[in-house]
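Here are my notes on this one, point by point. Have the structure open while you read.

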Amino acid sequence: MDKIRIQGGRPLSGTIKVSGSKNSALPILAATLLTHEPCTIHRVPDLSDTHYMLQILVHLGAQVERASGVVTVAAEKIASVAPYDVVRRMRASVCVLGPLLGRCKEATVSLPGGCVIGDRPIDLHLRGFEALGAAVRVEGGNIKVFAPKLRGAIINLAGKFGPTVLGTDNVMMAAVLAEGTTVIENAAQEPEVVDLATFLNKMGAKIEGAGTRRLIIEGVPELHGAAHEIIPDRIETGTFLVAGAICGKGITVARAEPEHVQSVTAALATCGFRINPERDSISVYPNGVPKPVELGTAPYPGFPTDMQAQMCALLATTEGTSMITENIFPQRYMHVAELKRMGARMQLDGATAVIDGVDRLLGAPVMASDLRASAALVLAGLKADGVTEVSRVYHIDRGYENLDEKLRELGAQIERVKE
Ligand code: EPZ
C-alpha cells in the first residue's frame with residue numbers, strides 16, 4: 001500500500017490542468033445502460049472509482065473499451081442484477097438502479113454499506129421509483145425494484161438536508177423511459193446533474209429545467225447512442241485553488257469552469273486572496289495577511305461540502321478564529337483529529353468546527369479516512385514544517401487523478417512511497 005510523503009514549506013507556482021469530473025463521469029457511465037447502442041464518453045478521469053463503475057457495467061454484460069480518457073460502452077444485452085461484491089466498493093454504484101429500472105423494468109442492486117462521512121440513506125431515491133409506479137423491496141441486503149410499466153409522476157425529492165444529487169440522477173434516469181411526463185420538485189442543481197441531463201438529451205431524452213429546482217421529463221419509448229465530453233472536476237479545481245492559497249506565490253488552474261467554483265473563489269476572496277478568473281482557467285494569488293472566515297456548506301450553488309475539509313486545512317494557519325458549519329454531512333470531520341496531530345487548534349461544536357489559526361503546522365504521520373479528508377491532509381503537509389506522511393492514499397486515488405504529480409508540477413516536494 002502506498003503512502004504520500006511531503007516535505008513542507010515549498011511555495012507553489014505555475015499552472016496545472018484539471019481532469020474530468022468524477023461525480024459527473026460516474027452517473028454518465030451508468031446512463032449508457034439506458035440504450036443498446038454504443039456511447040462514447042470523453043475526458044473520463046483515470047480513478048479507482050471510474051474503474052469500479054466500468055467493472056459493474058462489464059458485470060452487467062456491457063462491452064467496454066477504454067483508452068486515455070475515452071470510454072466506449074455498448075450495452076447491447078444486459079442483466080439487471082449488480083451483486084454485493086461488485087458494488088460494495090463504491091456507494092455511487094447505487095446510480096445503476098435508475099437506468100436498469102428504466103430499461104429492464106427491474107433491478108437488483110446491493111444496498112450501499114456504511115460511510116465514514118456520515119449517514120447516507122437512499123430513501124429519496126426509492127421514494128422517486130415508487131412514485132413512478134415501481135414496487136420496491138429491500139431484502140437480503142439487496143434493493144429490488146420492478147415495474148411492468150413506469151408512469152410519469154410529480155415527485156418531491158426534498159430531504160432533511162436539502163436535495164439529493166445521486167437521487168435526482170437516479171430518478172431522472174428511470175423517468176426518461178417512463179410513459180408520460182415526470183416533474184421532479186426540489187431537484188439537485190449541481191453542475192454534474194446538468195451534465196447528466198445534457199448527455200441524456202443527446203441520447204434522445206426530453207429533459208427541461210436542468211440546473212433549476214424543477215425538472216420536467218417527458219418520457220420517450222427508447223434512447224439511442226451518443227458521444228459526450230465530461231465537464232471539468234470542480235472539486236479538484238477547488239482543491240488546487242486552496243493549495244495555491246495555502247502556500248502559493250500564484251497558481252493557475254487550467255481547463256476549468258470558473259462559474260462552477262464561484263462559492264469557493266468567493267470564500268477565498270473573503271479570506272483576502274486575489275482571484276483572477278479567465279474563460280477556462282482561474283488563478284489565485286496571495287494578497288497580504290489572510291483573514292479568518294465564517295461559512296457553511298450548502299447544496300449547489302452554495303459552498304460545497306466536498307471542499308469543507310480543504311478549507312479547514314487553509315484556516316488552520318489563518319490568524320484569528322474561523323468557523324465552518326457542515327450542513328450536508330454533519331459528522332464529516334474525520335480530518336480534524338489528524339490536523340490537530342499536526343498542531344492545528346480546532347474544536348467541534350456540534351456540526352461546526354471552530355478554528356483558531358496557529359503560526360505553523362508541524363509535519364507528522366497522519367491517516368487518510370476518506371477522499372476529501374485525505375486531500376486536506378496533503379494540503380496541510382504542503383504548509384507544515386518538516387515531513388508529513390499520509391497513509392491509506394487509496395482514498396485519494398478514488399477521486400484525484402495524479403494528485404502528487406500535479407503538485408510536483410507546481411513545485412511541491414511530494415512523493416509516493418511504499419508503506
Ligand atoms: C453526491 O453524493 C457526491 N457523490 C458527494 O461527493 C457529495 O458530497 C454529495 O453529493 C453532496 O454534494 C457523487 O456525486 C458520486 P446526496 P450523494 O444524496 O448524491 C441526505 C465526494 O467526495 N440523503 O446529495 O450520495 C444525505 O444523507 C463525494 O466526491 C437522504 O437523507 O449525496 C445527505 O445528508 C462524497 N436521503 C444529503 O441528503 C437520500 O435518499 C445530501 O446527500 C439521499 C440523501
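1. First, the ground rules. This is a predicted model, where local features need pLDDT of at least 70, side-chain atom pairs count only at pLDDT 80 or more, and totals for chains, interfaces and linings use all residues. Residues are numbered from 1 along each chain as its sequence is written, and side-chain values use heavy atoms, with hydrogens and water left out.

2. Start with the polar contacts (pairs of N or O atoms within 3.5 Å). An oxygen atom of the ligand sits 3.3 Å from a polar backbone atom of proline 121. Valine 165 brings a backbone N or O atom to 2.8 Å from a ligand oxygen, and lysine 22 has a polar side-chain atom 3.0 Å from one. The protein buries 90% of the 830 Å² that the ligand exposes when taken alone (accessible areas by Shrake-Rupley, 1.4 Å probe).

3. Now the shell: 23 residues surround the ligand, with Asp123, Leu124, Thr164, Asp306 and Ile328 the closest (near means a heavy atom within 4 Å). Twelve are nonpolar, four polar and seven charged. α5 gives the largest share, three residues.

4. Last, the sheet. Four strands form an open sheet in the order β10-β11-β13-β12, with mixed pairing (strands are DSSP E runs of at least two residues; a pair needs at least two bridges). β10 and β12 are the edges with a single partner strand each, so one side of each lacks a neighbour in the sheet.

5. Inside that sheet, β11 and β13 run antiparallel, joined by five bridges. Threonine 182 is opposite isoleucine 217 in β13.

Definitions and conventions
Polar contact = N/O pair within 3.5 Å; in protein donor to acceptor, adjacent residues only side chain to side chain. Nonpolar A, V, L, I, M, F, W, Y, C, P; charged D, E, K, R; others polar.
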